[in-house]
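Reader: I have a model open and would like to go through it with you. Could you take my questions as they come?

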Amino acid sequence: MVSDPFDTVVVVDFGAQYAQLIARRVREAHVYSEIVPRTTPLAEILARRPKGIIFSGGPASVHVDDAPSIDPAVYRAEVPVLGICYGAQLVAQQLGGEVRRTGTGEYGRTTMTRAGDSLLLQGLPPEQIVWMSHGDAITAAPDGFTVTASSEAAPVAALEDRERAIYGVQFHPEVAHTERGQEILKRFLFDVCECRPTWTNSSIIEQAVEEVRAQVGSERVICGLSGGVDSAVAAALVHKAVGDQLTCVFVDTGMLRLNEADQVEETFRRQFQVDLVHVKAADRFLAALDDVLEPERKRKIIGETFIRVFEEAARDLATESEADARFLVQGTLYPYIVESGGDDNATIKSHHNVGGLPDDMNFELVEPLRHLFKDEVRAVGEELGLPEEIVWRQPFPGPGLAVRIIGTITPERLEILRNADAIVVEEIRRAGLYREVWQSFAVLPAVRTVGVMGDGRTYEYPIVIRAVTSDDAMTADWARLPAEVLERMASRIINEVPGVNRVAYDITSKPPGTIEWE
Ligand code: XMP
């Protein structure tokens with residue numbers, strides 16, 4: 001739980017894919033929001049001292065057996081309630097209204113018409129487009145409620161009881177397709193709940209800094225840097241909190257992208273003046289990967305070698321300073337905490353970010369990002385002064401370029417891939433597409449093909465360009481890159497990277513392909 005500088009709005013998750021989105025929208029309005037499972041006892045919800053409670057949508061019907069429900073005492077707790085979709089039907093049903101399977105559901109864009117005076121919908125036009133997704137509909141509002149809007153298949157599209165501060169909307173105000181959705185949420189947050197809009201980047205940082213100081217005291221802290229955004233922002237926050245009590249360890253596996261190690265050095269050592277241990281372990285990784293072809297073995301070897309190198313660095317630090325670091329920084333984000341069911345979960349596996357640290361390392365974890373969504377982490381990173389290239393970096397797999405080299409990994413093949421990859425990324429940036437595509441990179445297959453360059457025959461490697469769009473990496477589509485961008489990449493790679501005589505573009509979606517080639 002976050003304390004006093006922020007008012008809290010609790011989102012009760014009724015099994016919707018929308019709960020996280022609701023919490024994010026609330027936070028975009030600068031009000032702190034937490035998600036709790038619907039099974040959370042009411043006393044526990046109220047112990048968070050919420051200024052408001054939002055019931056999310058859910059896939060169920062209120063009429064099925066075991067339909068998710070909530071302790072009706074919530075309506076007497078004197079905390080404003082907003083039910084969304086299933087949440088609105090639950091409100092109606094629990095308070096004596098009527099919810100029916102009408103036979104005509106609404107899915108998608110729907111025109112909604114206002115009726116009468118409403119606190120929640122004030123200032124909105126008589127008709128507007130909202131996003132609906134329901135089979136059942138509220139057909140009669142409970143006593144004490146006013147119906148404030150309707151649509152063709154939802155006679156009660158919005159209802160409110162101002163006296164008790166209980167509101168319900170059949171549509172989804174949190175999705176972008178509901179034109180004035182954010183305004184409606186804001187009415188609830190500010191006019192109904194009277195929340196303060198204090199959840200801003202600078203106050204998030206201030207609060208995190210205080211929490212880290214309180215947790216760590218004067219002890220030493222270590223943080224593994226990966227070059228990715230989460231560990232970088234976590235390190236910058238902890239550094240702001242405890243300065244030179246922090247030592248960062250950056251393991252250079254030799255499988256990194258061009259200039260990546262330099263950039264970490266530049267940012268953390270020179271810009272932030274963090275005590276940084278840069279372990280140059282490329283030879284060790286290459287030796288361990290010698291002649292290894294099988295993708296899963298590559299991953300295991302890299303994971304294990306990483307752990308050993310990190311452990312050794314931590315041990316060296318302890319000997320040097322005579323005081324063991326007791327704390328280890330992890331860049332764990334809020335969605336991970338929600339999914340693993342709670343924030344008092346101190347045993348979160350440490351492999352989450354640093355690539356598989358052993359359980360017997362005996363560190364207490366410091367997780368300064370555990371309240372934040374990814375977009376908030378990026379905003380905080382920018383506010384802390386981290387460079388754009390780190391804050392907006394595309395995801396990169398822990399085993400690095402190793403899973404993009406099919407077959408044997410040698411220094412020469414790494415060099416080819418690294419240079420080709422740099423051109424792909426540079427051209428994507430130049431075309432202004434870097435943030436739009438989820439990942440864009442080069443792959444080096446194990447085959448060679450015949451070509452002709454100048455007057456001579458060549459027999460060299462192809463490079464495969466892979467660029468995908470995605471929301472979460474679970475599914476992905478190949479990016480429709482403009483032909484001119486592909487052409488520029490191809491001709492630059494062939495002209496500038498020795499050892500390559502052909503370029504192909506991967507047009508496989510996921511599924512059936514994966515994003516990475518190994
Ligand atoms: P795939 O290839 O499975 O990748 O479609 C999904 C996402 O995960 C990344 N990825 C990894 N990340 N360690 C990581 O930290 C790994 O071993 C690993 N393998 C894949 C990949 O880049 C994509 O974003």
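Reader: Which ligand atom is 2.7 Å from an N or O atom in the side chain of Arg 299?

Author: It is a nitrogen atom of the ligand that sits 2.7 Å from an N or O atom of the Arg 299 side chain, a polar contact being a pair of N or O atoms within 3.5 Å. This is a predicted model, in which local features need pLDDT of at least 70 and side-chain atom pairs count only at pLDDT 80 or more, while totals for chains, interfaces and linings use all residues. Residues are numbered from 1 along each chain as its sequence is written, and side-chain values use heavy atoms, with hydrogens and water left out.

Reader: And what about Gln 439 and Lys 510, which ligand atoms do they face?

Author: A polar side-chain atom of Gln 439 lies 2.7 Å from an oxygen atom of the ligand, and an N or O atom in the side chain of Lys 510 is likewise 2.7 Å from a ligand oxygen.

Reader: How much of the ligand's accessible area does the protein cover?

Author: The protein covers 68% of the 490 Å² that the ligand has on its own, with areas from the Shrake-Rupley method and a 1.4 Å probe.

Reader: Now the backbone: what kind of peptide bond joins Lys 510 and Pro 511?

Author: That bond is cis, with omega about -15°, and a cis bond also joins Pro 511 and Pro 512, with omega about 10°. Pro 511 is in the segment after β19 (500-505), strands being DSSP runs of E with at least two residues, and helices runs of H or I with at least four, numbered from the N terminus. For context, most peptide bonds are trans.

Reader: Switching to helices, how do α5 and α12 pack?

Author: Helix α5 (residues 201-216) and helix α12 (residues 374-383) pack at about 85°, with axes 9 Å apart, where axes are lines fitted to C-alpha atoms over the stretch in contact and angles run from 0 to 180 degrees between N-to-C directions. They are therefore roughly perpendicular, the word used for 65 to 115 degrees.

Reader: Which residues meet there?

Author: Asn 201, Ser 202, Ile 204 and Ile 205 in α5 meet Ala 379, Val 380 and Glu 383 in α12, contact meaning heavy atoms within 4.5 Å.

Key:
A polar contact is a pair of N or O atoms within 3.5 Å; within protein, one must be able to donate a hydrogen and the other to accept it, and residues adjacent in sequence count only if both atoms are side-chain atoms. Angles under 35 degrees count as roughly parallel, over 145 as roughly antiparallel, 65 to 115 as roughly perpendicular and the rest as oblique.
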